[in-house]
Structures are given as C-alpha cells and as structure tokens.
Amino acid sequence: MEFRECKKIYMDHEFVAKELAQISIKQHAFHFGTSVFDSIAIYGDGDEPNILALDKHVKRINQSARLLGLQTIEERDIQSAIIDFIKINQVVDGYIRIIIYPDKDCLGIDPSNAESKLCVFGWHRVFDNELKKISLSISPWQRPDPMSTLPYAKVSGLYAIDAISIANAKARGFDEALLLNQDGSVCEVSGANIFYISKGKVFTPNIDNTIVGITKEIIKDICQYLGVEVVEKEIILDELILADEVFISGTYHEITQVSQIDGYEIKNVGQSLVKRIYEIYNQMKLSQIDTLSTKWISRINIVCSDNAVPKVADHVEIRFAEEQDKIFVGEALGKMVGELRGGEDNPIIDGWEEAFYEIVSDRKKGFIMVATYGGKIVGFIGASFHVTLHTGGLYASFEELWTNTKYRKKFVGVSLMREAENYIKSLGIKRIDLGAAGYDYYQYEGLYNFYKGMGYIDIGPRFKKILTE
Ligand code: PMP
C-alpha cells in the first residue's frame, strides 16, 4: 500500500496548505494525550468516491469526545468538513484522519471547559488489491483494564500501549502485536479487531475486550450475506492457534490474514473463507453489492473539470514554489510586469532566474507560493524578509502578487495572501508591507481597495531609484 499526503488540511474552519497546519508546542493534547480521533476509508470509482461508513465514524468520534469529557462537535459540521476535504483534495482512493482536541494549553490538566477543535487530514492511497498476510506477536503488555481506560473511546493517549506493543513486535521480527487482557483472554491487535474461523464459523472477542470496530460490524453483515454464523465470545489464545484461519479487520488494515502468531503457524488450508469475505468486502466498498453497499457507503461527486473556472477558491491549492515551477513563475512574472506597464507582454527581467533560485532554496530570505487548480499553476505571491530599526527587527513585504486573468475575482489572490500571511505569522513576524502598483495603473483603484479589504493600511507612497554605474 502506498500513501501520498493530501495537500490541504482542514483546521479551525479553514483549509490550509499542509505545511502551514501547525499546533502549539503547549497544546494540551500534546502533553496529556487528550485528543480523540477516527479514520475513514475512501474507495475510488471514477469521479464518485465511495466513503465507507461516514456517519458511523462521525458518531464514534463524538462518542469518544463525550467519554473523554471533551465538548462534542455538531455531526453535520464534521460531515461537511470531511466532504469538503475529499472535494478540495480530490481524494478518490484515500485514508482520512479526523481529530478533535481541546483548545487549551498545558497549564492545568482539566480540559472540560475548553472549546473543541476539529482537524481533517489524510492521504491518497494506492491499494495492492490482494489479500495481505501478516504475523502477530503476543504483546508482553496487556490491554488496559476497562476501569483504567475508556475502552469505547479512541483516545490518542491510550494508544501508547499499542505503540510500545508494535515496537516490541517489530523488534522481535513480527508485523503487529496481539493484546490479551489481565485474564489472558484475546482482545485485539494494535489498531484492528481479530477473528478466527473454525468449521465454517467465524469467532471474535466480545465487545468487553475490544473497541467497537466499524469494519467488524461490516464483516458481521458480510457473513450474514454469505450465510456464515458469527459468534462473539470470550476467546483464549489456544483457540486462535488451533483455528482454520485467523484474520484482522480495521479501517486501515481492511481485511488482512494472519499467517502466524508468535511462532505458531496458522493452518490456513483448504478453501479460504477469509478470501471470500475479502472479495465481498472489495465489491461492497465499490458500491457493487446493493444490499450491503446502500447501508455502508455514501457517494459524493467531486467532478472538477480542468478547463472550468472554479466558482470560489475551494479547489485551489496553495503551496510553496519549487525549482521546477520556474518556467511558470517566469511567465507569470513577465505577464505581471507587462500588465503594470500597460500591456507590453512578457518583458524579460534581468536576473530574475537567479533571484528565483535564491528565494526558493532559502526561506530565510523570503518565499514564493503558487496557487494551483487541477494541477495547473494559476497564480503566485512573492515575499521577502527585511530587518529594520523602525519595525523593531524582521518584517515581511509582499513584492509580487499575480493571478491568471481567467481566475481573477475567484478569491485566488485572497487565498494566496491568506496562506502567505499565515506562514509569516507562524514565523513570529508581526508586520507585512506591500507596495501598491503605480497611480496610472489602470487597475490601481481596484487593487487599492483589494488591499484595504485585506486589512492593509495606506501609509503613503513608496519611491524607487535605479542605481546606474
Ligand atoms: N481496535 C483498535 C484498538 C483500533 O484502533 C481500531 C482502529 N480504529 C480497530 C480496532 C478497528 O476499528 P475500525 O474497523 O473502526 O477501524
């Protein structure tokens, strides 16, 4: 499986470039593990991605928040943040994380009065489309007793036991760790539920010993569809070792077969029921089995044609310019300066290429951000940093801002400026200057009002002198 991070992150009611989505080092959740999270799988089918169990994941994250004593967030707000995330990042096959955390610093442990914040981020993922096999070790650490944890809540801090268990499994040459409880009963795998098959029946630990896995609920439906009985009960290790087949399930792992447990090979002989369940799961996730898919799948349309102009900047992504963007930035710079000079297109600016490389390779001097739409660059902003006495140290200035004419008045410029401002703010810089274009520039008034609308104050004219030899 391959993962590629989505470029936009939903954070605090806004979408920002992934590089700019930052949280304070003093954040409560960072110190005390007080965030709750969930994950959602998206499965590709043309322009209509299939979202697996959207409402269940949204309900579960709020349930986790409630159990932990955090404020919950309106379900419809969580759902629309997820759907917008999928559209803006054009996710067709993906794995999304949603996380709720208290808006509070680390002075004081009680998070209950803090407002809750929501983040949505994720990855495009490429599937191998084959049933994977993994080995499990038995973790030397037990799944914590329900009285000392919140077994129904996905609380980040509680995953420390899973983290150490996996690390231990890997160090001993296994893929994942199996956790037992204090009585020696089988609970779950780090991040997944466990099942075994014996004589055509499927067995899985009862919910006292597991998180209520959503994939597990789907598997129960698939088994019903196949006419296979599922038994939830207390399970001991011997049953797993003697089973015909063993498998795990989870949003991340989907359905994965277990080939051995701490050195014991699992039989896995004959006609594989795991394989049959896996095949049905694969059809269900692409909306191909009506009875199952209508219950578990939501479909949304993310069509965003390459030639169309976006209504708003929803589909525009902002990122830092890289060396390979040089040709576009050069052309855009030429057009921008041409426009300023009254229509003389694409003048060559001596030295711009060296300046471009200098800025993109060293963000201490400044930065360039580009706006892309459907992979195509449609605008850019350039900023530099200066140290002066009258500003009390470092300040930033916007030196260039340009949007392809076809994309004007679509909030592309606004998005570029906001992202650039956020980045500057994240560096602790408190002032930004910019020079409006000349008074005779035909768009001067529009631009002047644009900058004022963005909160910039007119501090008078700016002069220049070209030094000659
Ligand atoms: N158990 C644990 C401990 C988990 O973290 C997960 C993953 N959320 C699961 C089981 C599987 O749950 P789901 O199928 O909802 O992803």
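Colleague: How many residues line the second largest pocket, and which lie nearest its centre?

Modeller: Keep in mind that this is a predicted model. The lining has 36 residues. Nearest the centre of the second largest pocket are Lys154, Tyr159, Gly191, Ala192 and Ile211.

Colleague: Which elements give two or more residues to that lining?

Modeller: Strands S4 (36-43), S6 (94-102), S9 (176-180), S10 (186-189) and S14 (245-250) do, along with helices H4 (160-171) and H5 (214-226).

Colleague: And which gives the most?

Modeller: H4, with 4 residues.

Colleague: What about space in the second largest pocket?

Modeller: About 660 Å³.

Colleague: How does the lining split by class?

Modeller: It has 18 nonpolar residues, 11 polar and 7 charged.

Colleague: How many bridges join S8 to S15, and do they run parallel or antiparallel?

Modeller: There are 5 bridges, and the two strands run parallel. S15 spans residues 254-261.

Colleague: Which residue in S15 stands opposite Ser135?

Modeller: Gln260.

Colleague: And S9, how many bridges does S8 make there?

Modeller: S8 and S9 pair over 3 bridges, in the parallel sense. Leu136 has Glu176 of S9 as its bridge partner. S9 also turns up among the elements lining the second largest pocket.

Technical notes: Residues are numbered from 1 along each chain as its sequence is written. This is a predicted model: local features need pLDDT of at least 70, side-chain atom pairs count only at pLDDT 80 or more; totals for chains, interfaces and linings use all residues. Side-chain values use heavy atoms; hydrogens and water are left out. On a 1 Å grid over the protein atoms alone, a cavity is a set of points where a 1.4 Å probe fits but cannot get out, and a pocket is an open set with protein on both sides within 12 Å along at least five of seven lines; lining residues have an atom within 4 Å of a point. Grid points are joined across faces, edges and corners, and a volume is the space filled by probe spheres set on the points. Ala, Val, Leu, Ile, Met, Phe, Trp, Tyr, Cys and Pro count as nonpolar, Asp, Glu, Lys and Arg as charged, and the others, Gly among them, as polar. Two strands pair if DSSP finds at least two bridges between them.
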